[in-house]
Amino acid sequence: MLKKAWASLLAVIFILTIAPMNTSANEAFLDALEEDLKATHYDYKEGTAEIIKEETLRHSNGNEVIAAVVELDTIRDGIFITRKTEYHYFDATDNKILSSADLVEVEGAAEFADANIDMLGHEIVYWLPVLVLLLLIAIPALILFLVVPRFYSTSSYMNAVYEKNDNPR
């Protein structure tokens with residue numbers, strides 16, 4: 001039993017040490033991407049940028065460029081969520097996000113864009129606005145059908161009169 005526990009512990013430690021091997025470039029890319037998205041998207045939800053696909057390219061000056069398809073969320077008015085998928089390019093040597101004007105000198109940027117054009121787009125998340133609208137309809141309906149008849153029930157205070165006089169209803 002002790003050998004199995006020891007082997008499991010070593011396996012977990014091994015997995016945890018291997019996983020973050022290539023994260024330094026990705027962390028720098030995500031940090032620079034967060035700053036760029038805050039500047040370019042006024043409704044960007046922080047921390048939602050996720051790299052879906054990436055590829056390493058070369059700049060004409062020899063710098064390493066990471067081309068990535070990034071999925072991010074934007075939120076307007078607190079309830080309208082849009083999930084977007086966009087291209088972003090990161091110069092790993094200079095640690096900066098490249099603009100579209102800088103992509104002319106990157107070898108393979110057009111091929112990367114053409115190969116992944118089907119991944120681009122945006123999707124509107126409808127569950128939150130629908131939930132708010134249902135609550136706007138359901139709460140007044142519950143008040144009308146359950147609470148209001150109990151407050152203004154004429155039959156409850158007239159029961160004594162009907163029983164006393166033997167009047168049919």
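**Briefing: salt bridges and overall architecture**

The structure contains four salt bridges. The model is a predicted one. Its protein chain comprises five helices and six strands. The points below treat the charged pairs, then the annotated span, and then the chain as a whole.

- Glu35 and Lys38 form a salt bridge in which the closest N and O atoms are 3.7 Å apart.
- Both residues belong to helix 2 (residues 23-40), and because they are three residues apart there, about one helical turn separates Glu35 from Lys38.
- Glu35 is exposed, its relative accessible area being 51%, which places Glu35 above the limit of 50% for that class.
- Lys38 is partly exposed, with a relative accessibility of 38%.
- Lys38 also takes part in a salt bridge with Glu46, with an N to O distance of 3.7 Å.
- Glu46 is exposed at 57% relative accessibility.

**The pair between strands**

- Arg83 and Asp73 are joined through their side chains in a salt bridge, at 3.0 Å from N to O.
- Arg83 is located in strand 3 (residues 80-91) and Asp73 in strand 2 (residues 64-76), so this pair ties together parts that are 10 residues apart in sequence.
- Arg83 is partly exposed, at 30% relative accessibility.
- Asp73, by contrast, is buried, at 12% relative accessibility, because buried means under 20% relative accessible area.
- Elsewhere, salt bridges with shared partners link Glu35, Lys38 and Glu46 into one network.

**The annotated span**

- An unreviewed UniProt entry carries the annotation "transmembrane region" for residues 124-148.
- In the predicted model, residues 124-148 are 88% helix and 8% strand.
- The end C-alpha atoms of residues 124-148 are 38 Å apart.

**The chain as a whole**

- Read from the N terminus, the order of elements in the protein chain is α-α-β-β-β-β-β-α-β-α-α.
- The protein chain has 169 residues, of which 25% are buried.
- Of the contacts in the protein chain between residues at least 6 apart in sequence, 55% connect residues at least 24 apart.
- The protein chain has an accessible surface of about 12300 Å².
- Carbon and sulfur atoms account for 61% of that accessible surface.

Definitions and conventions:
Residues numbered from 1 in each chain as written. Predicted model: local features only at pLDDT ≥ 70, side-chain atom pairs only at ≥ 80, totals over all residues. Heavy atoms only, no water. UniProt positions renumbered as here; feature names shortened; annotations may be inferred. Helix = DSSP H or I, 4+ residues; strand = E, 2+ residues; numbered from the N terminus. Buried < 20%, exposed > 50% of the residue type's maximum accessible area, 1.4 Å probe, protein only. Contact = heavy atoms within 4.5 Å. Areas by Shrake-Rupley, 256 points an atom, 1.4 Å probe, with all protein chains shown as cover.
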